[in-house]
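Open the model in your viewer and keep the selection panel at hand. The stops below say what to select next and what is there.

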Amino acid sequence: MKGPIFSGAIILAGMFIFLKFLLPLVTAPLPASLIYLYLALVLSGIMIYGTMSAPSLEAMMGPIFRFLSGKGQTGAGQIARLAVLVMFPLLVGWQTYSRLVPSDLPPAENRTIHPAPPGEFVGLSNPYPKTPENIMMGKGLYAAYCSPCHGANYDGKGPAAPGFNPPPANFSDPGTIAQLQEAYLFWRIKKGGVGLPVEGMPWKSAMPRWEEELPEEFIWKIIMGEYDGAHQSPRTWEEEEE
Amino acid sequence: MLNGRGSLRTLLIFGLFGVLWFSSVFANEPPASEDVGSVSVRMYQIEGSLPSEDPNSSQWDSVPSSEFNLAPQVHWPPRIQEVTVKSVKVKGVHNGQELAILVEYADPTEDAADAAALEFMVGDKPAHFAHGQEMLQVEGGPVNIWFWKNESGKAVDMSAKGFKTLESQPHQDVQAKGVWQNGTWKVVFSRSLKTEDSQDVQVEEGEWRSVAFAFWDGAVVDGLVKEKGGQKAVSTWWYIRAEPTADNSIFGWVILGLALAAAFELVIVRKLRKGQSV
């Protein structure tokens, strides 16, 4: 099997396999729309190459034209041509339908889980020393005030957790408090869900605004107990400078 | 001239080009599927009268339900750590004029103070699910609450924007009917899709609204009602929609697309057969 159509198809298929399956081995997977865009560019290149001269045009389009005209076809060829001629309008119809049919999915939500804190909370450090007594007190306060949602095991699986959307944060996950500084937690605990900016969708959060009920000392100690209990360390300025 | 093998090859090549073209349909990422519970309530469109008066009506049997987990209200004092109602099944129907929403949940005893409520955001501003309480960086809107209590046997149409602002509306637009049977409450709330009252949620067919749920177990334990006021089972916001009337004009466009594609093919094939270049 040879000819420009076949080579073009091989190039396209190879490009697709490269973008879809090989590239994700070394980097993040590409969105489908980007893969489609790249393939469209490759197809354009093939078309330009194939139509550069009269002989190359004939080599590329000739077999297609002969196939479509149906002249002298028998058996499998006839059936294949009929199938193509029937499938094309059906695909156009299906495309038309799928583009016009109204979506019945709820609006997509792009909630930012860790939005930027207000300026006054940036760079604060925990004023209490990490003594066993302070950590112990923090864990006790955590058990009383936080564990109903965030869980006795710091895993976001407290008895009240299943009812909430978004779910309570899982502190043992390396993607939550391990990525944050103590000052960030201080802000989130103090101001609660209602303190979030618009991209954090504060209207959905059940996180209490603890400044109404707990002194700052308790909050700093809860943070200490939380990191210790979840076996995580806060992100520090030193790490960021590296 | 093409023989069978040549045609097969051409078909294969066509197929590959076709797959590329076809893949444009999927060029947009499919939505991520939710694997925990429901995310929305669909109020299905039905003809004629709604089963608003009868939670046990057989009309409800054919309506698919959504299910939502509930949590003890721990967001604000007075908190509660353990609640009776753990989840709720919700069904909805509408007929273009009226809507009815059925909530069904387990509660082992029927008590005078048993109660259920639906909450909706009103207007364009997002309202916090806890009675539209104040948010610090976002200007919020009010909520409309439909509250039913067993001992009164009726619904109260209420409004709130912030804690301690909950009040009964001057204009009452909501009805409710509850039936307790074998450890299960079924409560139907009903209203017209739209009202004249600016304090009410306005339901437009095909448009998503936000809804939240709350339930109180009014059982009396040691002389005190177990759940009342802020001590209740709650959900945060979920979506609800009155399903729109099917738009049949789409099929007209589909037929037009089919016809145009077929006509295009006909022209091409005729030209090719006459030996013209396309």
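Two strands pair if DSSP finds at least two bridges between them. Helices (H or I, at least four residues) and strands (E, at least two) are DSSP runs, numbered from the N terminus. This is a predicted model, in which local features need pLDDT of at least 70 and side-chain atom pairs count only at pLDDT 80 or more, while totals for chains, interfaces and linings use all residues. Residues are numbered from 1 along each chain as its sequence is written, chains are lettered from A and ligands numbered from 1 in the order in which they are written, and side-chain values use heavy atoms, with hydrogens and water left out.

**Chain B: strands**

Select chain B, whose secondary structure comes to two helices and 16 strands. Of its 278 residues, 48% are buried (under 20% relative accessible area, with exposed over 50% and partly exposed in between; 1.4 Å probe, protein chains only). Contact means heavy atoms within 4.5 Å. Among contacts in chain B between residues at least 6 apart in sequence, those joining residues at least 24 apart make up 64%.

Next, select β5(B) and β11(B), which run antiparallel and are joined by nine bridges. Which residue stands opposite Ile101(B) in β11(B)? The residue there is Phe189(B).

β10(B) and β11(B) form a hairpin with two residues between them, and Asn182(B) in the turn has a positive phi of about 50 degrees.

**Chain B: cores**

A nonpolar core is a set of buried Ala, Val, Leu, Ile, Met, Phe, Trp, Tyr and Cys residues joined through side-chain atoms within 4.5 Å. The largest such core has 35 residues, and Val103(B), Phe189(B) and Phe213(B) have the most contacts inside it. Elements giving two or more residues to this core include β1 (40-45), β4 (87-94) and β12 (208-216) of chain B. β5(B) gives the most, with four residues.

Centre the view on Phe213(B). Leaving out residues up to four places away in sequence, Phe213(B) touches, among others, Val41(B), Phe68(B), Val103(B) and Trp238(B). A second, separate core has 26 residues, including Ala117(B), Met135(B), Ala214(B) and Val234(B).

**Chain A: helices**

Move to chain A and select α7(A), residues 182-191. Here 10 of the 10 residues are buried, so the helix is largely enclosed by the rest of the structure. Among them are Tyr184(A), Trp187(A) and Arg188(A). The buried residues of α7(A) pack against α8(A). After α7(A) comes Gly192(A), with a positive phi near 70 degrees.

Now show α5(A) (residues 132-145) with α8(A) (residues 216-230). Their axes (lines fitted to C-alpha atoms, for helices over the stretch in contact, with angles from 0 to 180 degrees between N-to-C directions) come within 7 Å and cross at roughly 95 degrees. The two helices are therefore roughly perpendicular (65 to 115 degrees; under 35 is roughly parallel, over 145 roughly antiparallel and the rest oblique). Residues meeting across this contact include Ile135(A) and Tyr142(A) in α5(A), and Phe218(A) and Met224(A) in α8(A).

Finish with α3(A) (residues 54-69) and α4(A) (residues 76-100), whose axes come within 9 Å and cross at roughly 90 degrees. That makes α3(A) roughly perpendicular to α4(A). Phe67(A), Leu68(A) and Ser69(A) in α3(A) meet Gly77(A), Ala80(A), Arg81(A), Val84(A) and Leu85(A) in α4(A).
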